[in-house]
Amino acid sequence: MATKLAGQAEAPKLDFVGLIHEGVPVARSNLQACVDFYINVLGLKLLPRPKALDDLVPGAWIGDEGDHVQFHLIAKDDELMPASDARMAPAGRHTAWRVKDIEVFRARMRALGVKFEEVSSLIGDAQVFVKDPQGHTWEFQGPPSRGR
């Protein structure tokens, strides 16, 4: 893939050090259902959100206890969102998250009656997919196996 920089002086190398948050557009009418999903299904907690953002657009910041994961729900009806029939698929739009124990994740989904799909043949490790109430697909994986 040719870029504008092709053939020019080498650009400085970027060093990524981590993820800050995932911005997730949701319909205004679906905000509370999504908040409930992230808190009750994924076991996350509501985080403080700057007042300036509340004045700009409704939403919620949600994260885990160790501050490793944050979802910023942005309630705007004019943003691109999944179609109501969007499938859970490894080749579709999704974000993958690493969990400490994928077996615990599966057990939690089963206990809560949350539908999930799993693929184990692509990368050699289990890839478990769930959808939030807005239709966004999220992938979860445990620690990588040594063969990968």
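The chain has 3 helices and 8 strands. The model described here is predicted. Read along the sequence, its elements follow the pattern β-α-β-α-β-β-β-α-β-β-β.

**Overall dimensions and cover**

The C-alpha trace of the chain spans about 50 × 45 × 35 Å along its principal axes. The chain consists of 148 residues, of which 36% count as buried.

| Element | Residues |
|---|---|
| Helix 1 | residues 31-41 |
| Helix 3 | residues 102-112 |
| Strand 1 | residues 22-26 |
| Strand 4 | residues 70-75 |
| Strand 8 | residues 137-141 |

**The packing of helix 1 and helix 3**

Two packed helices are described by the angle between their axes and the distance between the axes. For helix 1 and helix 3, the angle is about 125° and the axes lie 11 Å apart. How are helix 1 and helix 3 placed relative to each other: parallel or oblique? Angles from 65 to 115 degrees count as roughly perpendicular and those over 145 as roughly antiparallel; the two helices are therefore oblique to each other.

The residues that meet can be named on each side. Helix 1 contributes Ile39, Asn40 and Val41, while helix 3 contributes Arg108, Met109 and Leu112. By class, this contact of helix 1 with helix 3 has 4 nonpolar, 1 polar and 1 charged residues.

**Strand 1 and its partner**

Strand 1 is mostly covered, since 4 of its 5 residues are buried. Strand 1 and strand 4 run parallel and are joined by 5 bridges. Within this pairing, Val26 has Ala75 in strand 4 as its bridge partner. In a regular strand the side chains alternate between the two faces of the sheet.

**Thr137 in strand 8**

Thr137 lies in strand 8. Is Thr137 buried or exposed? The relative accessibility of Thr137 is 3%, so this residue counts as buried, the cut-off for buried being under 20%.

Which residues does Thr137 touch, not counting residues up to four places away in sequence? Thr137 touches Arg87, Met88, Arg93, His94 and Thr95, together with Phe129, Val130 and Lys131.

Technical notes:
Residues numbered from 1 in each chain as written. Predicted model: local features only at pLDDT ≥ 70, side-chain atom pairs only at ≥ 80, totals over all residues. Heavy atoms only, no water. Axes fitted to C-alpha atoms, helices over the stretch in contact; angles between N-to-C directions. Parallel < 35°, antiparallel > 145°, perpendicular 65-115°, else oblique. Contact = heavy atoms within 4.5 Å. Nonpolar A, V, L, I, M, F, W, Y, C, P; charged D, E, K, R; others polar. Buried < 20%, exposed > 50% of the residue type's maximum accessible area, 1.4 Å probe, protein only. Pairing = 2+ DSSP bridges.
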